Amino acid sequence: MTFVIDILFDAMHFSGPIILTSLAGVYAYKADVINIGLDGMMLFGAFISALLIFFFGSYFIGLLGAIILGALLGILFSYFGITRKANFIITGFAINLLAAAVGVYTLALLGVNNINVRAETTDMMIRLDLPLIKDIPVLGEIVSGHTVFTYVAFISIFLMHVLMYHTRFGVHVRVSGENPDAARSVGIKVNKVKYLAIILGGVLSAFAGFNVGVEQLAAYTPELTAGTGFIAIAAIYCAGGSPLKASAYAVLFGLMRALSVNLSLVIGGIAGLLEVIPYITIVFVLTSIAYMRHKNTNVRSYANE
């Protein structure tokens with residue numbers, strides 16, 4: 001029983017940044033923009049927050065820096081991809097490569113292998129014990145005791161769903177992606193809507209980076225995202241851009257990562273092989289979704305004939 005509880009607790013732990021990054025790409029996806037740069041934006045968020053905390057010793061300065069840089073990266077991606085009509089995929093990969101390069105170069109300048117901020121964040125990295133819930137057997141052991149942004153991630157699922165389907169902004173995002181000409185005909189500024197959708201994604205990606213780099217690891221390394229941005233893109237694609245469904249897939253991938261980590265503690269020697277479980281799951285899910293969509297399309301086409 002303890003083993004199962006550990007897996008479920010870690011599933012929440014690992015799902016947080018995947019959920020935030022998935023939600024970061026959902027709005028761009030609905031606005032007909034594929035943001036391949038999610039991984040780089042997340043890495044930049046981790047980098048700038050750790051760097052600022054390292055120099056200023058302030059948790060909140062690090063968080064503010066992540067928010068500002070995330071928004072700026074969203075503007076940069078939007079400028080090249082929307083205003084200058086550059087290829088979205090190339091623009092996104094450029095951000096990913098830039099994030100890795102800036103991090104490696106900075107570490108070389110500082111003469112360190114990582115930016116360790118554990119000493120500066122120890123007082124702020126308090127895992128929250130949720131009142132009432134913490135005393136419930138099993139449930140309390142799974143749900144209580146996580147970091148702030150883990151809870152922010154799960155709360156954001158419902159906030160982003162409401163924003164998408166129950167606000168004017170959400171309607172504008174969906175219309176701009178589905179039929180931009182119709183959107184322009186009723187006075188919607190399509191490019192502005194796409195800019196805002198991508199900027200929102202940049203900020204959420206930075207939150208994910210902050211969650212991993214500061215709250216979970218208390219250190220920045222150029223490899224800390226472990227492909228989370230690409231996992232998020234898989235979740236977005238599988239969900240068709242739905243915030244709730246994308247988050248459900250994010251939790252599934254988080255669960256697979258938790259399973260691989262906990263099994264590695266039991267098996268020992270060949271533990272490294274288990275790290276591929278989350279990625280095998282992604283391939284399996286993507287293949288299944290693609291097959292089902294193709295099958296349904298063929299069935300409808302045959303019926304229409």
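Contacts, helix pairs and loops

Biologist: Leaving aside neighbours within four places in sequence, which residues is Tyr-220 in contact with?
Modeller: This is a predicted model, in which local features need pLDDT of at least 70 and side-chain atom pairs count only at pLDDT 80 or more, while totals for chains, interfaces and linings use all residues. Residues are numbered from 1 along each chain as its sequence is written, and side-chain values use heavy atoms, with hydrogens and water left out. If contact is taken as heavy atoms within 4.5 Å, then beyond those sequence neighbours Tyr-220 is in contact with Leu-43, Ala-46, Phe-47, Ala-50, Ala-99, Gly-103, Leu-107, Asn-114 and Ile-115.

Biologist: How many residues does the largest nonpolar core have, and which helix gives the most to this core?
Modeller: A nonpolar core here is a set of buried Ala, Val, Leu, Ile, Met, Phe, Trp, Tyr and Cys residues joined through side-chain atoms within 4.5 Å, where buried means under 20% relative accessible area, exposed over 50% and partly exposed in between, with a 1.4 Å probe and protein chains only. On that basis the residues with the most contacts inside the largest core are Ile-115, Tyr-220 and Phe-253, and its size is 69 residues. The helix that gives the most to this core, with 13 residues, is α10 (residues 190–216).

Biologist: How many residues does the other core have?
Modeller: The other core lies apart from the largest one and includes Ile-5, Met-12, Leu-130 and Tyr-151.

Biologist: Is the crossing of α2 and α4 left-handed or right-handed?
Modeller: A crossing is left-handed if the near helix is turned anticlockwise from the far one by less than a right angle, and right-handed if clockwise. For α2 and α4, the crossing is left-handed.

Biologist: By class, how many residues does the contact of α2 with α4 have?
Modeller: Among the residues that meet are Leu-43, Phe-44 and Phe-47 in α2 and Leu-98, Ala-99 and Gly-103 in α4. Ala, Val, Leu, Ile, Met, Phe, Trp, Tyr, Cys and Pro count as nonpolar, Asp, Glu, Lys and Arg as charged, and the others, Gly among them, as polar. The contact therefore divides, under that scheme, into 13 nonpolar, four polar and one charged residues.

Biologist: How do α3 and α4 run, roughly parallel or antiparallel, and how many charged residues has their contact?
Modeller: Helix α3 (residues 59–83) packs with α4 at about 150 degrees, with the axes 9 Å apart, and the two are therefore roughly antiparallel. Leu-73, Phe-77, Phe-80, Gly-81 and Ile-82 in α3 meet Phe-88, Thr-91, Gly-92 and Ile-95 in α4. That contact has six nonpolar and three polar residues, and the number of charged ones is none.

Biologist: Where does Thr-83 lie, and which residues does Thr-83 touch beyond four places in sequence?
Modeller: Thr-83 is placed in helix α3, and at 38% relative accessibility Thr-83 counts as partly exposed. The C-alpha atoms of Thr-83 and Tyr-195 are separated by 9.5 Å, although the two residues are 112 apart along the chain. Not counting residues up to four places away, those touched by Thr-83 are Ser-78 and Tyr-195.

Biologist: Is Leu-132 buried or exposed?
Modeller: Leu-132 lies in the loop between α5 and α6, and has a positive phi of about 70 degrees although it is not a glycine. Because its relative accessibility is 70%, Leu-132 counts as exposed.

Biologist: How far apart in space are Pro-137 and Lys-245, C-alpha to C-alpha?
Modeller: Pro-137 is found in the loop between α5 (118–121) and α6 (139–143), and at 64% relative accessibility Pro-137 counts as exposed. Pro-137 and Lys-245 are 108 residues apart in sequence, and their C-alpha separation in space is 29 Å.

How values were computed:
Helices (H or I, at least four residues) and strands (E, at least two) are DSSP runs, numbered from the N terminus. Axes are lines fitted to C-alpha atoms, for helices over the stretch in contact, and angles run from 0 to 180 degrees between N-to-C directions. Angles under 35 degrees count as roughly parallel, over 145 as roughly antiparallel, 65 to 115 as roughly perpendicular and the rest as oblique.
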